[in-house]
Amino acid sequence: MMTMTPKQDTMAARQDTGQGTAKQGTARQQETTIRIPGLINDLTLMHVTDCHLTECDERETAAIREAARNRAKVFADQLDGGDTTLGIFQRFIDDSNEQQVDFTVFTGDIIDFPSQANLETIRAAYDRLNSPFLYTLGNHDWYFDGRFTDEVRAEAYPQFRDWISTTPGCDVRTVGGVKLIALDNSNYQVTREQFETIREAAALDEPYLLFMHIPMYLSGLVKDVVDKWKAPILMGASGWDPEVREAWQVRHQDESTGEFCRWLASPDSGNIRGIFCGHVHLNHTDAFREGRYQYVTASGYTSTSRLIRLIAD
Ligand SMILES: [Fe+2]
């Protein structure tokens, strides 16, 4: 995994166009402004993704502690001198509190694996967060032993029950007349039940934002993703090499996932005002429907987050 240089960050920030605009902030904070007709009060949201915490202690087996040390080294090599994934994550909580945002959304891979120490760390952090928040899982929040399977995810889910109401998650909150939807697509799939929850929320015609770990496949995004990861690790992606797909443990697409992607890209997705995701560890903005944008945010461990300003049009 490569760390983005400040120059790359700036270039990525300039890609925000149309309804969204962006500028380079402190600590590589991306800024996105979305104009929403009829919005009564302006809102500010903070989006955090892919912090990959590697906290681990003697409560885990020796094999897990060894694996955790190896993963910690992977990230340590990419951090500014003396910084830690934990320190960066705690600063995001501080930033959210200091900026007095109306809502914070965490879109997965906040922890690199669900060790007891990692789970305690995020619980304490969420407890000191002043804003309401949503947390949806990435493939790393639930992965532990090299298996990225639906069974492993289902087994891990009870540990996240205080924050996510269904398995797989699809939680909806309303803030200032805007619906925020946190969707767990961390196995690259969306179930019929999840799709139905989102379709019901969309049918109310209130503006809504969708937050999920894995970005939707877009032709303008896939090249950057394949350049970085050598695989199209996107929801609804076509063009997988079968061996590469197997190595990534990405199973074949469910019909409901394909239907959901087509629905998002069509006017049927109604008053959606943005999709926000992570997973691929790069900043990217591209339209998924005329005038509607998918904002991919780089990994938290590069000190990148995204401030989302919703303003009345
Ligand atoms: Fe990640």
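Trainee: How many salt bridges does the count come to?

Mentor: Keep in mind that this is a predicted model, where local features need pLDDT of at least 70, side-chain atom pairs count only at pLDDT 80 or more, and totals for chains, interfaces and linings use all residues. Residues are numbered from 1 along each chain as its sequence is written, and side-chain values use heavy atoms, leaving out hydrogens and water. A salt bridge here is a side-chain nitrogen of Lys or Arg within 4 Å of a carboxyl oxygen of Asp or Glu. By that rule, the count is 16.

Trainee: Which residue makes a salt bridge with Asp184?

Mentor: Asp184 sits in the loop between β6 and α7, and its partner is 31 residues away in helix α6; helices (H or I, at least four residues) and strands (E, at least two) are DSSP runs, numbered from the N terminus. The closest N and O atoms of the pair are 3.1 Å apart. The partner is Arg153.

Trainee: Is Asp184 buried or exposed?

Mentor: Buried means under 20% relative accessible area, exposed over 50%, and partly exposed in between (1.4 Å probe, protein chains only). Arg153 comes out at 7%, so it counts as buried. Asp184 has a relative accessible area of 0%, so the label is buried.

Trainee: Which helix holds both Asp227 and Lys223?

Mentor: These two side chains form a salt bridge at 2.8 Å, N to O. Asp227 is partly exposed at 42%, whereas Lys223 is exposed at 56%. They lie 4 residues apart, about one turn, in helix α8.

Trainee: How many residues does the largest nonpolar core have?

Mentor: A nonpolar core is a set of buried Ala, Val, Leu, Ile, Met, Phe, Trp, Tyr and Cys residues joined through side-chain atoms within 4.5 Å. Ile198, Leu210, Met216, Phe260 and Ile275 have the most contacts inside the largest one. β6, α7, β7, α8 (219-229), α10 and β8 each supply at least two of its residues.

Trainee: How many of the residues of α10 are buried?

Mentor: Contact means heavy atoms within 4.5 Å, and what covers the buried residues of this helix includes β6 (178-183), α7 (192-203), β7 (208-212), β8 (272-277) and β9 (284-289). Among the buried ones are Phe260, Cys261 and Trp263. Helix α10 (residues 255-264) is mostly covered, and the buried count out of 10 is 7.

Trainee: What kind of aromatic pair do Tyr143 and Phe148 form?

Mentor: Rings of Phe, Tyr and Trp (its six-membered ring) pair if their centres lie within 6.5 Å; planes under 30 degrees apart count as stacked, over 60 as edge-to-face and the rest as tilted. A search of the whole structure finds 20 aromatic pairs. In this one, the centres are 4.2 Å apart with 10 degrees between the planes, and the pair is stacked.
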